[in-house]
Amino acid sequence: ECNLVAGSFVMRSLQTGALMMRVARRVSSHGARRALSTPFPGIEKGMWPSPNARPPPRTGDGGGSGNDELHLVFLEGGAGVGKANILWKLNKLGYDIHADGFVKRCLDHPQYPPDSAVALHEWAGGMLSAIDDARERSRAGLVRDNVVFFGRSLLSPAVYARGLPCAVYYRQVMQEVRQAHSSSMVLCRSEGYAVTQRMSGRLFDAKPAEREVRLALGEDEEAYQRSVEEAYGQLEQEGWFDAILDTSSSKLGVAALLHALDIG
């Protein structure tokens, strides 16, 4: 029975892009004894393949050193789901991360309103530059396990466009990035209590300028945050995400992510 379950998981994994291919290799390697090799019981429950995943075909070499290709992992999800906490812990473990927050960009460029097309473009440009930098670091052999983690992806401008005509454009950009690089799209989800706690603490601790930007971005508007959550749900249904990660606990989320990637 265990072998049948493992075999079924492999078949599902083969359809969900580079990240779940690594999961498949882990399952096929451990087979029925997989539970004996996991760091602690239940770790597999923290991350699972998206049944709707439809990764685009690859067209580029993706960079990297030797035969080990650079792999990009994009962590997506609404405000307060815990992406920053996951990235902070990954960085402490020695992994390369890109966490150029949109709020920081807005503070660095106050001449542009936070909800403007220029602000979105500035942020997106930073992410594209970070991808190029990751390729160079990988070719120099400086990237641990040849995996780089990104807080958000170029889908974020599409989600947060607020009616701007750039939404379709950034979907196309993200599609082309995935075609050019070995990559995984991971949708982070967290229990409601954890999101509420993080959002409340974020606004409470923010300095006046940061708080002003966060309010302009609608972080205190429940209706708007629900619309963001619905937009991510729609993207997941459309097949943009390879996997779902439970980030209610950042410690368990990191463990589940590294276990799925078969690194760490």
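Good morning. The largest cavity in this structure is lined by six residues that I will name at once: Arg105, Cys106, His109, Tyr112, Ala119 and Glu122. Two elements each give two or more residues to that lining, namely helix H5, residues 102-108, and helix H6, residues 117-139. Please keep in mind throughout that we are looking at a predicted model.

How many cavities of 30 Å³ or more does a search of the whole structure find? The search finds one. The volume of this largest cavity is about 40 Å³. Sorted by class, its lining consists of three nonpolar residues, one polar residue and two charged residues.

The largest pocket holds about 800 Å³ of space. Its lining is made up of 34 residues. Which of them lie nearest the centre of the largest pocket? They are Gly101, Phe102, Arg152, Arg202 and Arg214. Several helices supply at least two lining residues each: H4 (83-92), H5, H6, H7 (156-159), H9 (192-205), H10 (208-216) and H11 (222-237).

Which element provides the largest share? That is H11, with seven residues. The lining of the second largest pocket divides into nine nonpolar, eight polar and eight charged residues.

Next, I would like to consider how two helices meet. Helix H4 packs against helix H12, residues 250-261, at an angle of about 65°, and their axes are 9 Å apart. The crossing of H4 past H12 is right-handed. On the H4 side, the contact is made by Asn85, Ile86, Lys89 and Leu90. On the H12 side, the residues are Ser250, Lys251, Gly253, Val254, Leu257 and Leu258. By class, this contact comprises five nonpolar, three polar and two charged residues.

Across the whole structure, a search finds four aromatic pairs. One of these is formed by Tyr95 and Phe149, with 5.7 Å from centre to centre and 85° between the planes. This arrangement is edge-to-face. Why does this pair tie together parts that are 54 residues apart in sequence? The reason is that Tyr95 lies in the loop between H4 and strand S5 (96-98), whereas Phe149 belongs to strand S6, residues 147-151.

Thank you for your attention.

Methods:
Residues numbered from 1 in each chain as written. Predicted model: local features only at pLDDT ≥ 70, side-chain atom pairs only at ≥ 80, totals over all residues. Heavy atoms only, no water. 1 Å grid on protein atoms, 1.4 Å probe; cavity = no way out; pocket = protein on both sides within 12 Å on 5 of 7 lines; lining within 4 Å. Points joined across faces, edges and corners; volume = space filled by probe spheres on them. Helix = DSSP H or I, 4+ residues; strand = E, 2+ residues; numbered from the N terminus. Nonpolar A, V, L, I, M, F, W, Y, C, P; charged D, E, K, R; others polar. Axes fitted to C-alpha atoms, helices over the stretch in contact; angles between N-to-C directions. Left-handed = near helix turned anticlockwise from the far one by under 90°. Contact = heavy atoms within 4.5 Å. Phe/Tyr/Trp six-rings, centres within 6.5 Å; stacked < 30°, edge-to-face > 60°.
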